[in-house]
Amino acid sequence: MGVICAYSASTGEELTVRSSKYSTPPVEIGDPVEVIYRSDNPKRSMLAFEVKSRVGFDVARSSVMGALWAGAVAGLFLTF
């Protein structure tokens, strides 16, 4: 189950952001939630409580891609 939060950007525009899916909702209806967004593009947003998990995901993905790249380069050198 995901959470949908509405927020007002600095431009006055009303926008929404959806969280990841959770087996138990991380917040209740009416709870205040911090939304982080880019001031130059307020539609690019994320919920503050998801920042840590997103950063962890990005680090893990980068590590896996780096390992695959290193393996591909090593494979190229070992075939010559």
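**Reading contacts, exposure and core**

Trainee: Leaving aside its neighbours within four places in sequence, which residues is E14 in contact with?

Mentor: Contact means heavy atoms within 4.5 Å. With neighbours within four places in sequence set aside, E14 is in contact with Y7 and S8. This is a predicted model, in which local features need pLDDT of at least 70, side-chain atom pairs count only at pLDDT 80 or more, and totals for chains, interfaces and linings use all residues. Residues are numbered from 1 along each chain as its sequence is written, and side-chain values use heavy atoms, without hydrogens and water.

Trainee: Where is E14, and is E14 buried or exposed?

Mentor: E14 is in strand β2 (strands are DSSP E runs of at least two residues, helices H or I runs of at least four, numbered from the N terminus). E14 is exposed because its relative accessible area is 58% (buried is under 20%, exposed over 50%, partly exposed in between; 1.4 Å probe, protein chains only).

Trainee: What is A9 in contact with, neighbours within four places in sequence aside?

Mentor: A9 is in contact with L15, Y37 and P42. Both A9 and L15 belong to the largest nonpolar core, 9 residues in all (buried Ala, Val, Leu, Ile, Met, Phe, Trp, Tyr and Cys joined through side-chain atoms within 4.5 Å). The elements giving two or more residues to this core are β1 (4-8) and β2 (14-18).

Trainee: Where is confidence lowest, and where highest?

Mentor: Mean pLDDT (the predictor's confidence in each residue, from 0 to 100) is lowest in α1, at 77, and highest in β2, at 85. For the protein the mean is 79, and 86% of residues reach 70 or more. Helix α1 spans residues 51-78 and includes M65, which counts as exposed because its relative accessibility is 51%.
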